[in-house]
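Have a look at it, then read on.

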Amino acid sequence: MKLEGTHELEATRERVYQSLVNPEVLQRCIPGCERLERTGDNTFAATIRAGVGSIKGVFEGNVQLEDLREPEHFRMVVNGKGAPGFLKGSGDLELLQEGAITKVKYAGDVQVGGTIASVGQRMIQGTAKMMAAQFFTCLGAEAKAAPGEPPPKQGFFRNALRWFSGWIKSIFRK
Amino acid sequence: MIPVPFDYQAPATLDEAVSLLAADPDGAKVLAGGHSLIPAMKLRLAQPQMLVDIARIKSLSYIREEGNQILIGATTTHYQLESSDLLKQICPLLPACAKSIGDVQVRNKGTIGGSIAHSDPAGDWPAAVLALNADLVLVGPGGERVVKAADFFVDLLTTDLQPGEILREIRIEKPSGRFGQAYQKVPHPASGFAVVGIAVQIALNDDGSCKAAQIGVTGVGPKAYRAQATEAALAGSSLDEQIVSSAATHVCDGVDPNADLYASAEYRCHLAQVHARRGIQAAKASVK
């Protein structure tokens, strides 16, 4: 399955890039991320409780960052498995600065298998898009906060979702 | 295909159900017809700690006409809606939509409230309640609140229903004057879910021109939505063939269509356009 999209963040490219490779920020921003540890120079291990509505599953996986060209590009290779199925894939992230805004373009290919793929196939792409929107909204807030400033409070997902969906729509209208 | 262990409660009243749910808003889950929740539990994709079965609360299952409103209880089954003589007369879109759902067994157990609260992106009822501009009555520990259908569906499988709340009733303004309705659907051959589903209600002026059009679309995006661009193109028009065809092409405007093994995004949008046109024509033809 192909996944691609563009998100605009109100921060400089350098700050967005730093946030994207900072395990602490990632742990706060990846929806349902319960654990994210650095296991090597550019490798991380993660536990993610992913899902929407009443459908949920826990995934264990690792993430590897490759082809790092700060602050404009890196490639991400993801491998994960859990009770509901497995996923593996890779994608490229490009950061483009446009004035005060940084555009993050991502494009990747993900394979999903197991129970979740056989019964949830029609919803996988929607779930991925929704999680990406949550992730980049959170990342935008993190990157916007000045260095040393406490990051914005998390745990407002439910209320923020309505706003997210409006925001997603506004992106797709472009 | 065996769920993880869970507790089960079958309260006799809605108040009891609300307090059971309030005791554990995150671990407890409301069970109505169980046609989405139980399969997900058997596959262990959903693992609630407790089920609060509201299907046995008799006072939640009804179809009533009250003043200029139609009131439908949340646990009214698809079959009850499909076979309601009252609805066939005053709001035929509802029986038409019910009839298109799954198979006899599903319609006999599945409920309108369960389908709306689950907000499956291919569920049929969300399109119908959007097209009918329904009010949804939610009850929680803090009392009742009423949400417009257009504000209720938030995202994929996500609604405005807060933990601890139960959808109690669907309220629809009784269509009046010269109106037409239709539900036009392409069912998935295996599941019967809507690959695309278009619910249409049009109101006509005395001269036959279109006063207003309300179109609910399911199956296309991550949640059901109103096709506002199509509605705007129809309002005030003569509803002739050319206008209907061109209005229908706007049915996926602003939406990023779903893609899966059965239908790509382009194909799905194309289907939606074709069936929006047919749905509008069918609604127009049904005007008495």
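## Strands side by side in chain A

Two strands count as paired if DSSP finds at least two bridges between them. Keep in mind as you read that this is a predicted model.

The link from β4(A) to β5(A) is a hairpin of three residues. One bridge pair to look for is Arg69(A) with His73(A), the latter in β5(A).

Next comes strand β6 of chain A (residues 85–98), also antiparallel to its partner: 10 bridges join it to β5(A). Gly80(A) has Leu87(A), in β6(A), as its bridge partner.

## A helix in chain B with a buried side

Now hop over to chain B and find helix α1, residues 14–23, where the buried residues are Ala17(B), Val18(B), Leu20(B) and Leu21(B). Why do they sit on the same side of α1(B)? Because the arc they cover around the axis is only 165 degrees.

And what covers them? The cover includes five strands of chain B: β1 (7–9), β2 (28–31), β3 (50–53), β6 (135–140) and β10 (166–173).

## Where the chains touch

Chain A and chain B meet in a contact that takes 24 residues from each of them. On the chain B side, α2 (37–42) and β8 (153–155) each bring in at least two residues. The residues with which chain B touches chain A split into 15 nonpolar, four polar and five charged.

Technical notes. Residues are numbered from 1 along each chain as its sequence is written. Chains are lettered from A and ligands numbered from 1 in the order in which they are written. This is a predicted model: local features need pLDDT of at least 70, side-chain atom pairs count only at pLDDT 80 or more; totals for chains, interfaces and linings use all residues. A residue is buried if 20 or more other C-beta atoms lie within 10 Å of its own, exposed if 12 or fewer, and partly exposed in between; C-beta atoms are placed from the backbone. Helices (H or I, at least four residues) and strands (E, at least two) are DSSP runs, numbered from the N terminus. The arc is that of the directions from the helix axis to the C-beta atoms. Two residues are in contact if their C-beta atoms, placed from the backbone, lie within 7 Å. Ala, Val, Leu, Ile, Met, Phe, Trp, Tyr, Cys and Pro count as nonpolar, Asp, Glu, Lys and Arg as charged, and the others, Gly among them, as polar.
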